[in-house]
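Trainee: Can you walk me through this one? I'd like to start with the strands and then get to the packing.

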Amino acid sequence: MWDSHKMLTSFADVLISLSVILVLYGVINYVIHLPDFLPLNTVQLEKPMQKISAAEVLQAAKNGAKGNFLTVDIEQVKKSLEEIPWIRKADIRREFPDRLAINLEEQHVLARWNTQMLINHYGEV
């Protein structure tokens, strides 16, 4: 093998190609994780809320949104929004280039359970 010019050239080509691919991956990964690359600037509520203030939703979204447009963990933002008692369900999507669109489903009280809890239309306490 070591005395064959064609095999050494092929082996060197494979090593160079692999090195270029790994360097490109590293550069792209580094750029994507820069905080100033595609920052999140806007949080848009799809519909107005009755029992929750927009400031409360914005604060919960800020607490859950760590990173930029490409690296923000949508599930973490969703969890932080659904921790607000009057929010039943949160749907979040990215809108290029710098926006998170949030659609919230509010809890609607159907009945009072004992004297301390409320039941919604889905039978959830």
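Trainee: In which sense do β2 and β3 pair, parallel or antiparallel?

Mentor: Quick caveats before that: this is a predicted model, where local features need pLDDT of at least 70, side-chain atom pairs count only at pLDDT 80 or more, and totals for chains, interfaces and linings use all residues. Residues are numbered from 1 along each chain as its sequence is written, and side-chain values use heavy atoms, with hydrogens and water left out. Strands are DSSP runs of E, at least two residues, and helices are runs of H or I, at least four, numbered from the N terminus; two strands pair if DSSP finds at least two bridges between them. A three-residue hairpin joins β2 to β3, R94 stands opposite L100 in β3, and over eight bridges the sense is antiparallel.

Trainee: Which residue in β3 does T42 stand opposite?

Mentor: Strand β1 covers residues 42–45 and runs parallel to β3, with four bridges joining them. Opposite T42 stands R99.

Trainee: What kind of aromatic pair do F69 and F96 make?

Mentor: A search of the whole structure finds one aromatic pair (ring centres of Phe, Tyr or Trp, its six-membered ring, within 6.5 Å; planes under 30 degrees apart are stacked, over 60 edge-to-face, the rest tilted). The centres of F69 and F96 are 5.8 Å apart and the planes sit at 80°, so the pair is edge-to-face.

Trainee: Is F96 buried or exposed?

Mentor: Buried means under 20% relative accessible area, exposed over 50%, and partly exposed in between (1.4 Å probe, protein chains only). F69 has 6%, so F69 is buried. F96 has 65%, so F96 is exposed.
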